[in-house]
Amino acid sequence: MAQKINDAPGILRTVPDAGTTPIEPKDGEENILITSALPYCNNVPHLGNIIGSLLSADVCSRYMRTRDRRTLYICGTDEYGTATETQALKEGLSPKALCDKYHVLHRQTYEWFELGFDYFGRTSTQLHTEICQGIYLNLGKHGHMEKQNKDQTYCEGCPKFLADRFVEGTCPHCGYDDARGDQCDQCSRTLDAIELINPRCLVDKTHKVVPKTSSHMYFKMQETQSRLEEWMRQASKEGKWSQNAVITADGRIQDARMKSGLRPTPLTRDLQWGVPVPVDEEDKDGMRGKVLYVWFDAPIGYPSITANYMPTLWEKWWFNPANVHLYQFMGKDNVYFHSILWPSVQLGDGRDWTKLWHLSTTEYLNYEGGKFSKSRNRGVFGPAAKETGIPASVWRFYLIANRPETADTMFSWADLVNHNNAILLNNFGNFVNRALKFTSSQYDSLIPTTADKPGPLDPSTLPSTDPDLAWLTKINSLIAKYTAEMDQVKLRSGLETLMAISSEGNTYLQSSGLNKALLTSQPERCATVISRALNLIWVLSALVEPFMPSIATSILEQLNAPKRVVPKDGMLSVDLLGGHKIGEPKHLFGKIEESKVEGWRERFGGAEGGTTAPVEAEVPAAGGAKLSKRKQAAAAKEKKGAAAAYEGPVTAEMTALESKIKEQGDLVRTLKTDKSEEAKAKVGDAVEELKKLKADLVTLQVEALKV
């Protein structure tokens with residue numbers, strides 16, 4: 001089909017898609033290295049795991065490519081440590097066989113979610129062993145290691161030393177009864193297994209667990225603390241780290257471990273499955289037969305996986321801080337290891353490492369009023385998302401729209417359906433399909449020639465009589481807003497702005513009166529509207545690519561156009577020219593029937609006591625009290641009515657208001673689960689504000705239907 005595209009430089013993408021060919025950083029250019037926290041290779045991931053690091057990193061990676069920035073996205077499975085050994089014990093497999101099994105399951109899950117890694121590797125490789133051992137030896141060479149003889153948990157029944165995840169007990173800091181030997185899930189403090197009160201062996205809880213002395217090597221973190229703090233203050237400011245528990249936006253250290261002074265941290269463990277501690281023939285420290293501690297070797301997985309992907313180029317990415325910016329994505333419980341432990345190791349190693357530039361963290365995504373639980377089959381895990389029949393694009397869109405950037409958020413089936421039907425179908429999809437179908441039917445699929453010159457549509461240079469000046473000003477400001485938000489890794493805000501742009505496209509077609517009558521009475525005006533709308537759709541293909549790559553591909557096929565970059569000047573431009581032939585228009589999204597919601601809730605709601613419990617069997621009232629059955633029924637009826645899909649036009653104001661409703665709803669849920677008196681005092685006002693926002697939205701929808 002004939003293509004007529006503006007051939008000016010800086011319009012078409014030149015940076016390749018992820019994984020097509022190993023890409024080399026170039027001096028003087030913006031080179032972006034992206035990692036997402038390595039998922040444990042002992043289970044299948046749930047939606048919270050995916051949005052917490054992997055999907056967020058993928059959106060960032062794809063965005064960087066739409067800006068034509070040289071980008072490398074690395075991830076893989078974290079395979080060593082006691083988490084793997086304990087799961088292998090449960091499944092009756094060797095640790096290697098378990099990792100082989102789950103590595104495939106992880107890869108398949110991420111492929112379905114359209115995660116575009118340059119390379120998805122694993123830590124159980126020879127290169128990983130060599131790089132880990134090299135760093136370990138460098139720490140020793142620079143005098144940053146010491147040997148300590150310490151009591152450890154020892155199981156007399158096994159009989160063997162119990163490394164972190166082979167032992168559980170009561171947390172000495174918060175009193176949580178099921179704290180692991182390496183970390184407490186309740187207070188997030190890192191632990192040494194010997195600190196646990198009333199320790200229990202996970203192999204057999206009847207076994208007697210006693211303290212016994214063992215020798216291990218420790219990294220003297222205190223020796224790097226002053227350099228670490230100096231680096232951290234500079235990096236967090238320049239790289240605009242997201243809100244975290246380690247350092248504030250004004251450079252104030254708030255991590256308790258750093259405030260009290262870093263202490264030596266263990267580098268070795270008494271395990272079989274892991275990177276062997278390198279020893280010489282003399283083995284004066286007595287480390288033969290031990291392995292490196294998983295929290296030492298896991299972050300090294302980022303460079304080692306890169307090395308497996310590009311053996312001759314990996315060092316150009318990982319020892320190049322002057323030309324490479326490292327973006328790292330993780331859940332809030334991983335911040336210490338990426339912002340304190342791993343950078344300390346890099347400093348102690350002595351080489352000029354590429355260190356963390358931008359830290360992007362998330363809070364927790366919860367499931368329908370509670371937490372995801374694999375043991376209770378509560379929530380959506382791994383391949384189950386595909387089995388619902390909901391396209392991957394919709395999952396990606398909803399998870400980013402619900403990304404827990406500053407507070408915990410809640411997954412809701414009704415909310416997911418509403419997002420698809422009201423926003424994707426009625427807003428974004430409607431705009432794209434309407435403009436393309438009109439071009440196909442009324443212009444024989446050819447973009448009409450207009451008075452617009454190729455290039456940016458700058459309102460300041462257009463005639464004052466142009467009827468689209470205000471609209472173009474709004475569109476250009478939104479494109480600039482989108483770019484600023486995405487550059488700062490505000491992914492949720494960027495997605496909201498994207499939908500506001502498509503909403504403005506809908507408003508443009510509506511207010512311009514695009515129909516056959518306009519074509520007949522004002523052919524020049526009709527041609528201008530179609531040309532500008534189709535060029536906006538081409539820009540939207542680049543803006544939507546990070547969030548829904550399959551949708552971007554479909555748009556490009558329907559436009560018969562190649563991939564373009566996000567406009568570098570932040571302006572809508574005429575780049576698809578008169579005479580360009582478009583492809584066949586197709587619907588981008590389909591309606592999801594609300595009737596399916598209860599079936600999904602039943603299926604994924606989890607089972608307690610042998611029966612599947614409806615997720616919303618008990619509706620919490622303000623302050624945490626349970627409602628009576630009558631009030632529960634009334635609340636359910638009210639919720640069902642509120643969830644009914646609005647099928648009218650969606651404006652930018654509606655999209656912004658829906659975002660506020662979402663945030664306010666998250667706040668209400670958080671307050672209701674907080675038992676403090678302060679929260680109870682605030683919940684009433686928060687609920688009233690939520691009701692007001694919902695009422696305002698209904699008013700907007702009613703007014704829109706009158707137009």
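**View 1. Strands 13 and 14 run side by side.** Strand 13 and strand 14 (residues 356-362) run parallel and are joined by six bridges; strands count as paired if DSSP finds at least two bridges between them. Helices (H or I, at least four residues) and strands (E, at least two) are DSSP runs, numbered from the N terminus. Look for Gly 331, which stands opposite Thr 362 in strand 14. To get from strand 13 to strand 14, the chain goes through helix 10 (residues 335-349), and this β-α-β crossover is right-handed. Right-handed here means that, with the strands pointing away from the viewer, the path from the first strand over the helix to the second runs clockwise.

A quick note before the other views: this is a predicted model, where local features need pLDDT of at least 70 and side-chain atom pairs count only at pLDDT 80 or more, while totals for chains, interfaces and linings use all residues. Residues are numbered from 1 along each chain as its sequence is written, and side-chain values use heavy atoms, with hydrogens and water left out.

**View 2. Strand 13 meets strand 1.** Seven of the eight residues of strand 13 (residues 324-331) are buried, so the strand is largely enclosed by the rest of the structure. Buried means under 20% relative accessible area, exposed means over 50%, and partly exposed is in between (1.4 Å probe, protein chains only). Strand 13 also pairs with strand 1 (residues 31-36), in the parallel sense over six bridges. Here Ile 32 stands opposite His 325 in strand 13.

**View 3. Strand 2 is covered on both faces.** Eight of the eight residues of strand 2 (residues 70-77) are buried. Arg 70, Leu 72, Ile 74 and Gly 76 sit on one side, with Thr 71, Tyr 73, Cys 75 and Thr 77 on the other. Strand 2 pairs with strand 1 in the parallel sense over five bridges, and Leu 72 is the bridge partner of Leu 33. Strand 1, helix 1 and strand 2 together make a right-handed β-α-β unit. Strand 2 also runs parallel to strand 3 (residues 119-122), joined by four bridges, with Thr 77 opposite Arg 122.

**View 4. Helix 1 crosses helix 12.** Helix 1 (residues 47-66) and helix 12 (residues 392-401) pack at an angle of about 100 degrees, with their axes 10 Å apart. The axes are lines fitted to C-alpha atoms over the stretch in contact, and angles run from 0 to 180 degrees between N-to-C directions. The two helices are therefore roughly perpendicular to each other, a label for angles of 65 to 115 degrees. Leu 47, Ile 51, Leu 55, Asp 58, Val 59 and Arg 62 of helix 1 make the contact with Trp 395, Arg 396, Leu 399 and Ile 400 of helix 12; contact means heavy atoms within 4.5 Å.

**View 5. Tyr 40 sits in a loop.** You'll find Tyr 40 in the loop between strand 1 and helix 1. Tyr 40 is partly exposed, with a relative accessible area of 24%. Not counting residues up to four places away in sequence, Tyr 40 touches Asp 78, Ala 83, His 106, Arg 165 and Trp 295.

View 6. The order is 5-4-9-10, and the pairing is antiparallel. Strand 5 (160-161) and strand 10 (265-266) stand at the edges with a single partner strand each, so one side of each is left without a neighbour in the sheet. Strand 4 (residues 145-155) and strand 9 (residues 209-219) pair over eleven bridges, and Gln 152 stands opposite Lys 212 in strand 9.

Definitions and conventions:
Parallel < 35°, antiparallel > 145°, perpendicular 65-115°, else oblique.
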